[in-house]
Amino acid sequence: MSSYVSPIREPLITGSKTYHQITEDLVSPTEKVPTGSWVIGFIIAISLLAFGLFCIAWTIWHGIGTWNLNRTVGWGWDITNFVWWIGIGHAGTLISAILLLFRQKWRTGVNRAAEAMTIFAVLCAALFPGIHVGRAWVVFYFFPYPNTRGPLWPNFNSPLLWDLFAISTYFTVSLLFWYTGLVPDFATVRDRAKGFRKKIYNFLSFGWTGSAKHWQRWEYLSLILAGIATPLVLSVHTIVSFDFATSVIPGWHTTIFPPYFVAGAIFSGFAMVLTLMLVTRKLLKLEDYITIAHVESMNKVILVTGTIVGVAYLTELFIAWYSGYVYEQFAFFNRALGPYWWSYFGMMFCNVITPQFFWFRKIRRSLFWTFLLSIVVNIGMWFERFVIIATTLARDYLPSSWSYYSPTWVEMGIFIGTIGLFFVMYLIFTRVAPVVAIAEVKSILKSSGDQYSGKAAPGHHHPHIEVDPNFKSYLKKSSFEFAKKTETLDTEEKTSVADTGSSAATLVKAAVDKFQKLEGIGPKIDSVLKAAGIGSFVELSQTSVERLQEILDTSEGNFMGNSPESWPEQARLAAEGKWDELKDLQDRLDGGKY
């Protein structure tokens, strides 16, 4: 059922798409042979992953000494990258869960890839705790399990163990939420597939038939998982912040860390979503489904969360000064003026200054600047995690133990490998599932498609343009004559007329009223009415219901279930430009109240 949308709002689906075109556009990337760009990207990603696996094997074989950790800096790139990847994984569930609960329609263009990003980022993050223990074969100490060695090994007072429970719960709920959304689309792919491929998608779609009961249960499950995932979005990075905040180390022991970490995670996660979506939008030709309106909405969230992060930075500085605690003051003095000053000012520039450019509408709506700034934001968020960990640990209470930490090629190689792993999984995902949710895009077509809403919609007249009435009547007359003429042509002649490229032919063809905008009229009935000499909304509104029924009965198509009773009234509203009233009428028709 369609709902009223202000014409001021931009359409979220452009190109005057039909339901069939939406299916074709979104499913075809999973059916066609991979493009050259995809193959090149996959080769680069798999190469990075291979190098990362080599570095992991090197670490396990030679020991943790291959990293440049020392007695002062016990956490380096491993925990920095762990927190960075967890932060990136936040935005996917946030977009899908919170925006679903608030019924924000702009989520439909980006939620599917964002949910996938959550799964892949958490997998990349989980790699680091698994190898930073030193001896990878004792990783089972992470898990509480019955044993014969006395008390359980894990320390339940440690936030590191809380991480395990929080992140595994978050991953499980996010995976279920992601897969639930995929089920109807897997069924769509199944219905178009053949042979063994059809069997695979039949298994993945769990026997989905598209019945009302299936949709009802799907909606309930989506809302339940969204309700569970929403507090998890807030809790997971809060618990990650406890890794630092529950310690007694100056610079870490602060109560602002939980909200500050959550805002930073959403900040970096939305930036990564934008980076991925702009690339995907271009490579898979999804410009009609991931529009400038989507990009601008995402940039507004980045602006808000970036400002929150900036306020948190300034609050930390103020509290350190106001507390009068010399060790806390030194921790922040060391961050800004110590040996790692470059990372601190890089963090401040990338996270505080660059998001403020999104106050300007031109930059907020520019694909180039959005792509560039989204990458800059994630570089800044990596700097933030590095500043918190390395600069704090490198200067502790004893000057005799001060040191300068810099990563080895092995540590950098592992991080590069996780980037490769992330993009390998994402590129495979684009080949096996629709990147944009088909069913959800179709659900907003009648309220957010450019042929139904926004300034491009029929009936929304530009306030500064007046059209000559004589020119209007000429177009109406010419469009009707053109419609009658093309109905009598054969296929080759129609193609010839359509391909002439002449402005007159193009103008006249564009002026033919599209009866498909009316409830109950599809492409076949549209052509039948045009063939019967009814070429405009005015003519349709003046045609009796009996005459319309006679046209349907005498045509070759089977239109037994189509009642023309409401067509003249709908056509009258369309001809008068009363699109709001027309939508209300169509809503009543959908509800059986006409």
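**Surface patch, bridges and packing**

A: I40, I44, L48, F51, F54, W58, W409, M412 and I416 make a nonpolar surface patch of about 800 Å². Patch members have over 30% relative accessible area and no salt bridge, with nonpolar side chains joined within 5 Å; areas come from the Shrake-Rupley method with a 1.4 Å probe.

Q: What kind of model is this?
A: This is a predicted model: local features need pLDDT of at least 70 and side-chain atom pairs pLDDT 80 or more, while totals for chains, interfaces and linings use all residues. Residues are numbered from 1 along each chain, and side-chain values use heavy atoms, without hydrogens and water.

Q: Which element gives the most to the patch?
A: Helix α2, with six residues. L48 lies in α2. Helices are DSSP runs of H or I, at least four residues, numbered from the N terminus.

Q: How many salt bridges are there?
A: The structure holds 15, each a side-chain nitrogen of Lys or Arg within 4 Å of a carboxyl oxygen of Asp or Glu. One of them pairs D185 with R112, closest N and O atoms 3.0 Å apart. D185 lies in α6 (residues 159-192) and R112 in α5 (residues 111-132), so the pair ties together parts 73 residues apart in sequence.

Q: And how do α12 and α14 cross?
A: The axes of α12 (residues 341-353) and α14 (residues 367-394) come within 8 Å and cross at roughly 145 degrees. Axes are lines fitted to C-alpha atoms over the stretch in contact, with angles from 0 to 180 degrees between N-to-C directions. Contact means heavy atoms within 4.5 Å. Residues in this contact include W342 and M347 of α12 and F383 and F386 of α14.

Methods. Helix = DSSP H or I, 4+ residues; strand = E, 2+ residues; numbered from the N terminus. Patch = residues over 30% accessible without salt bridge, like charges linked within 9 Å, V, L, I, M, F, W, Y side chains within 5 Å.
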